[in-house]
Amino acid sequence: MNFIQLLQTCLRSISRNRMRSFLTSMGIIIGVGSVIVMVAMGEGSQKVIEEKISSMGANVLQIQYRRPPARSVQAVYPRRTGFTKEDVEHLRQESSFARAVSGVSHNNQDVFGREGSVRIRVHGVDPDFSIARNYHVDEGVFFENGDMVTRNRVAVLGRTTAANLFSEAESALSQQIRIGSNYFTVIGLLERKGAGLDGNDQDDIVLVPLDTAMTRIQNTRELNQIIISVTSKEFMDAAIQETDLILRESRGIPDRIASDFSIMNQVDMIDMAAGTSRTLTMLLAAIAGVSLFVGGIGIMNIMLVSVTERTREIGIRMAVGGRKRDILFQFLSEAVILSLMGGIMGIIMAFCACHVLSAAGVPTSVNPLIVMVSALFAALVGVAFGYYPALKAARLYPIDALRYE
């Protein structure tokens with residue numbers, strides 16, 4: 001029996017009981033579809049997380065002040081509780097991996113506009129902050145070094161803040177806002193960035209020149225944070241080591257004493273989030289894959305029933321010269337075709353489900369490799385669970401099979 005004849009015989013056998021064949025493949029359909037959808041949802045959420053982290057700035061180091069042990073405070077820096085502009089300048093001049101460096105000084109303030117008011121965190125930043133944190137002005141301009149030197153009262157607003165203060169964000173440009181007792185002119189509006197990883201709205205923000213914020217709003221000489229954008233992802237580890245050395249020297253901290261700052265790596269955040277998402281995705285896919293096993297058992301059960309129903313047919317085939325391997329391949333091929341049909345229908349179901357989920361706002365990303373692996377796995381399920389019924393059919397004695405009623 002050649003391949004074409006074998007295929008025709010298998011399809012005829014399957015088509016005799018279309019409903020039973022469909023129900024037999026149902027476990028494979030659900031299993032393959034579930035695996036693809038679960039992986040697509042996992043990869044979709046992973047991409048969203050990576051995009052949100054990247055929207056906070058590419059290859060960013062966030063340096064936060066942390067209170068050191070009490071003995072270190074007394075011995076090294078008894079009155080220092082934050083960073084200084086000198087620390088930022090040391091990093092800007094001495095770092096060989098920094099693309100942009102910005103100090104950050106922030107606190108909560110009541111901000112008033114023509115149409116409303118908000119209680120919001122006002123950020124005093126350097127002009128390089130827009131580069132380091134990937135903030136782009138799509139209307140107006142960002143403040144410059146000249147605004148820092150002259151301590152100009154200018155502000156750049158996020159779209160949400162601008163809408164809260166002026167009803168429509170576009171109408172905020174060139175208007176006055178009041179922060180505390182100081183009036184600021186809105187010179188720029190930031191492009192939309194959406195929610196961050198913590199769920200907070202990244203468009204609900206007020207940026208003013210760092211020197212202006214420190215002298216006119218906060219009355220402080222210390223910074224809460226330093227942001228560094230590294231030139232390339234490959235240099236992140238070297239940049240962290242260099243930054244630690246520069247800040248220790250700038251702040252006069254000996255090697256033997258714990259530093260009073262921590263350096264957070266944006267790339268590590270992406271890798272950690274991606275790793276967590278991959279682990280969860282694989283767990284969900286494994287759970288969904290259980291239905292493939294159940295579907296394989298269903299195929300084995302129906303194939304055993306089919307062998308019993310067609311025992312006399314098997315005997316006739318053997319009597320007219322059919323070989324055992326022909327019988328084996330026929331029943332094994334039927335099992336594989338049933339499984340592959342279920343796999344194809346499962347793939348179609350998965351694409352439809354992903355389309356519906358995407359339309360409903362659930363991020364999905366179908367991986368072609370997972371689709372191919374799912375189809376291959378469906379075929380392997382057919383081989384694994386169809387082999388025993390096929391072997392049982394091939395081992396029947398022709399005389400016993402012909403006598404079977």
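**Figure 1. Pro-389 in helix H13.** Pro-389 is part of helix H13, which covers residues 368-394; helices (H or I, at least four residues) and strands (E, at least two) are DSSP runs numbered from the N terminus. This is a predicted model, in which local features need pLDDT of at least 70 and side-chain atom pairs count only at pLDDT 80 or more, while totals for chains, interfaces and linings use all residues. Residues are numbered from 1 along each chain as its sequence is written, and side-chain values use heavy atoms, with hydrogens and water left out. With a relative accessible area of 0%, Pro-389 is buried (buried is under 20% relative accessible area, exposed over 50% and partly exposed in between, using a 1.4 Å probe and protein chains only). Setting aside neighbours within four places in sequence, look for Met-300, Met-303, Leu-304 and Val-307 in contact with Pro-389; contact here means heavy atoms within 4.5 Å. The C-alpha atoms of Pro-389 and Val-305 are separated by 8.8 Å, although the two residues are 84 residues apart along the chain.

**Figure 2. Helix H13 beside helix H12.** Axes are lines fitted to C-alpha atoms, for helices over the stretch in contact, and angles run from 0 to 180 degrees between N-to-C directions. The crossing of H12 past H13 is right-handed; the near helix is turned from the far one by less than a right angle, clockwise for right-handed and anticlockwise for left-handed. The residues making this contact are 20 nonpolar, 4 polar and 1 charged. In this sorting Ala, Val, Leu, Ile, Met, Phe, Trp, Tyr, Cys and Pro are nonpolar, Asp, Glu, Lys and Arg are charged, and the others, Gly among them, are polar.

**Figure 3. Helix H12 meeting helix H11.** H12 (residues 324-359) also has a crossing with H11 (residues 311-319), where the axes come within 10 Å at an angle of roughly 140°. These two helices are therefore oblique to each other, and H11 passes H12 in a right-handed crossing. On the H11 side, the contact uses Glu-313, Ile-314, Arg-317 and Met-318, and on the H12 side Lys-324, Ile-327, Gln-330 and Phe-331. Sorted by class, that gives 4 nonpolar, 1 polar and 3 charged residues.

**Figure 4. Helices H4 and H9.** Here H4 (residues 85-94) packs with H9 (residues 236-251) at about 135°, their axes 9 Å apart. The pair is therefore oblique, and the crossing of H4 past H9 is right-handed.

**Figure 5. Ile-299 in helix H10.** Ile-299 sits in H10, a helix of residues 266-309. Its relative accessible area of 0% means that Ile-299 is buried. When residues within four places in sequence are left aside, the contacts of Ile-299 are Thr-24, Ile-28, Ala-335 and Ser-339. Met-26 is 273 residues away from Ile-299 in sequence, yet their C-alpha atoms are 9.6 Å apart.

**Figure 6. Gln-109 in strand E2.** Strand E2 runs over residues 98-112 and includes Gln-109. Gln-109 has a relative accessible area of 13% and is buried. Its side chain makes a polar contact of 3.3 Å with the side chain of Asn-107; such a contact is a pair of N or O atoms within 3.5 Å, where within protein one must be able to donate a hydrogen and the other to accept it, and residues adjacent in sequence count only if both atoms are side-chain atoms. Not counting residues up to four places away, Gln-109 touches several others, among them Val-118, Ile-179 and Ile-217.

**Figure 7. Helix H8 and the residue beyond.** H8 (residues 210-217) is mostly covered, with 6 of its 8 residues buried. Those residues are Leu-210, Asp-211, Thr-212, Ala-213, Met-214 and Ile-217. Just after H8, check the backbone of Asn-219, which takes a positive phi of about 50°.

**Figure 8. The protein overall.** Stepping back, the protein has 14 helices and 10 strands. Of its 405 residues, 46% count as buried. Among contacts with a separation of 6 or more, 78% join residues 24 or more positions apart.

Notes
Angles under 35 degrees count as roughly parallel, over 145 as roughly antiparallel, 65 to 115 as roughly perpendicular and the rest as oblique.
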